[in-house]
Structure formats: structure tokens, C-alpha cells
Amino acid sequence: QFQFVESGGGLVQPGGSLRLSCAPSGFTLDLYAVGWFRQAPGKEREGVSCISDEDGSTYYADSVKGRFTISRDNAENTVYLQMNSLKPEDTGVYYCAAGGMTTVQAMCAMKIGIAYWGQGTQVTVSS
């Protein structure tokens with residue numbers, strides 16, 4: 001059974017930082033593009049950042065550019081999302097996803113090619 005273990009979410013004040021981790025169980029990430037998505041209450045799930053398995057190319061939503069950094073450590077079979085300068089509008093459930101046969105832009109912007117979803121981790125930015 002393919003699963004993800006997501007961790008690193010929590011409550012943080014505006015301007016603070018968090019690092020999310022995503023580690024799969026049952027498969028290795030080096031064969032997949034991986035992305036982070038988030039869903040705020042009452043809103044659709046949106047792509048935050050994705051990273052390619054082939055060349056390490058990345059995609060970031062405009063709302064997080066310059067603040068979030070996605071990275072992958074294939075040796076550790078883990079993908080990270082470093083989130084800095086957090087804002088209240090970053091609040092939501094963050095989901096890890098893996099897929100392929102698409103570009104990182106299509107995967108993130110249109111959720112194309114996603115094969116596996118994680119269960120999500122809550123991020124709350126509030127004072």
C-alpha cells in the first residue's frame with residue numbers, strides 16, 4: 001500500500017517559518033515528480049510548489065514565490081517545503097503528492113498526472 005508520511009505542520013505567528021516533510025511508504029520518490037498542495041476552508045485545493053524528478057526544475061505559485069522553497073533528498077526519500085515569512089493566508093491543510101508524465105507547471109497548476117496523495121498536515125498562521 002502506497003502512503004505518505006507528512007510532518008512539520010503546526011501553529012506559527014505571522015512572519016514565522018515552518019518546514020514540511022513528506023516521506024513515502026511503499027515506493028521511492030526518485031521516480032516521481034513531487035509537489036505540495038494546500039486547501040483552505042471553503043476553497044479549492046491549489047498547487048503551491050512542485051519539483052521534477054528528471055532535472056530538478058521547480059514551479060512555485062505566485063503567492064509563495066520568494067518565501068517558500070521546495071527540495072528533495074532522494075537518498076533520504078524525502079521532499080521538503082521550507083516556508084518562510086508566513087502569512088495568515090498561508091493557512092490550510094498541506095498535502096504532498098507524487099506523479100509524473102507531465103511538467104511541474106501542469107502538475108501544480110492543473111493537478112495533472114498525480115498518482116498519489118498524502119493525508120495532509122495542518123498549517124495555521126495566526127497571532
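Student: Is Cys22 buried or exposed?
Tutor: Cys22 is buried, because its relative accessible area is 0%. Buried here means under 20% relative accessible area, exposed means over 50%, and partly exposed lies in between (1.4 Å probe, protein chains only).

Student: What kind of model is this?
Tutor: It is a predicted model, in which local features need pLDDT of at least 70 and side-chain atom pairs count only at pLDDT 80 or more, while totals for chains, interfaces and linings use all residues. Residues are numbered from 1 along each chain as its sequence is written, and side-chain values use heavy atoms, with hydrogens and water left out.

Student: Back to Cys22, then. Which residue is it joined to by a disulfide?
Tutor: Cys22 is joined to Cys96, with an S to S distance of 2.0 Å. A disulfide is counted when a pair of cysteine sulfur atoms lies within 2.5 Å. The angle about the S-S bond is -80 degrees, and the link of Cys22 and Cys96 is left-handed.

Student: Which parts does that pair tie together?
Tutor: Cys22 sits in strand β3 (residues 18–25) and Cys96 in strand β9 (residues 92–99), so the bond connects parts 74 residues apart in sequence. Helices (H or I, at least four residues) and strands (E, at least two) are DSSP runs, numbered from the N terminus. Cys96 also counts as buried, at 0% relative accessibility.

Student: How many disulfides does the whole structure have?
Tutor: The search finds 2 disulfides. Besides the link of Cys22 and Cys96, there is one between Cys50 and Cys108, whose sulfur atoms are 2.2 Å apart. The link of Cys50 and Cys108 is right-handed, with 100 degrees about the S-S bond. Cys50 belongs to strand β5 (residues 46–51) and Cys108 to helix α1 (residues 104–110), so this bond ties together parts that are 58 residues apart in sequence. Cys50 and Cys108 are both buried.

Student: What is the pairing pattern along the chain?
Tutor: With the bonded cysteines numbered in sequence order, the pairing is 1-3, 2-4.

Student: Let us turn to the sheet with β3. What is the order of its strands?
Tutor: The order is β1-β3-β8-β7, an open sheet of 4 strands with antiparallel pairing. At the edges stand β1 (3–7) and β7 (68–73), each with a single partner strand, so one side of each has no neighbour in the sheet. The twist averages 15 degrees from one strand to the next; axes are lines fitted to C-alpha atoms, for helices over the stretch in contact, and angles run from 0 to 180 degrees between N-to-C directions.

Student: And how many bridges are there between β3 and β8?
Tutor: β3 and strand β8 (residues 78–83) pair in the antiparallel sense over 5 bridges. Two strands are said to pair if DSSP finds at least two bridges between them. Within this pair, Cys22 stands opposite Val79 in β8.

Student: What about β5, where Cys50 lies? How many of its residues are buried?
Tutor: In β5, 5 of the 6 residues are buried, so the strand is largely enclosed by the rest of the structure. Strand β4 (residues 33–39) pairs with β5 in the antiparallel sense over 5 bridges, and Gly35 has Cys50 as its bridge partner. The hairpin of β4 and β5 has 6 residues between the strands, and Gly42 there takes a positive phi near 80 degrees.

Student: How many bridges join β5 to β6?
Tutor: There are 3 bridges between β5 and strand β6 (residues 58–60), and these strands run antiparallel. Ile51 has Thr58 of β6 as its bridge partner. This hairpin has 6 residues between its strands, and Gly56 in the turn has a positive phi of about 75 degrees.

Student: Another topic: where does Asn77 lie?
Tutor: Asn77 lies in the loop between β7 and β8. Its phi is near 55 degrees, a positive value in a residue other than glycine. Asn77 is buried, with a relative accessible area of 15%.

Student: And where is Ser85 found?
Tutor: Ser85 is found in the loop between β8 and β9. Although Ser85 is not a glycine, its phi is positive, about 50 degrees. Ser85 counts as partly exposed, at 41% relative accessibility.
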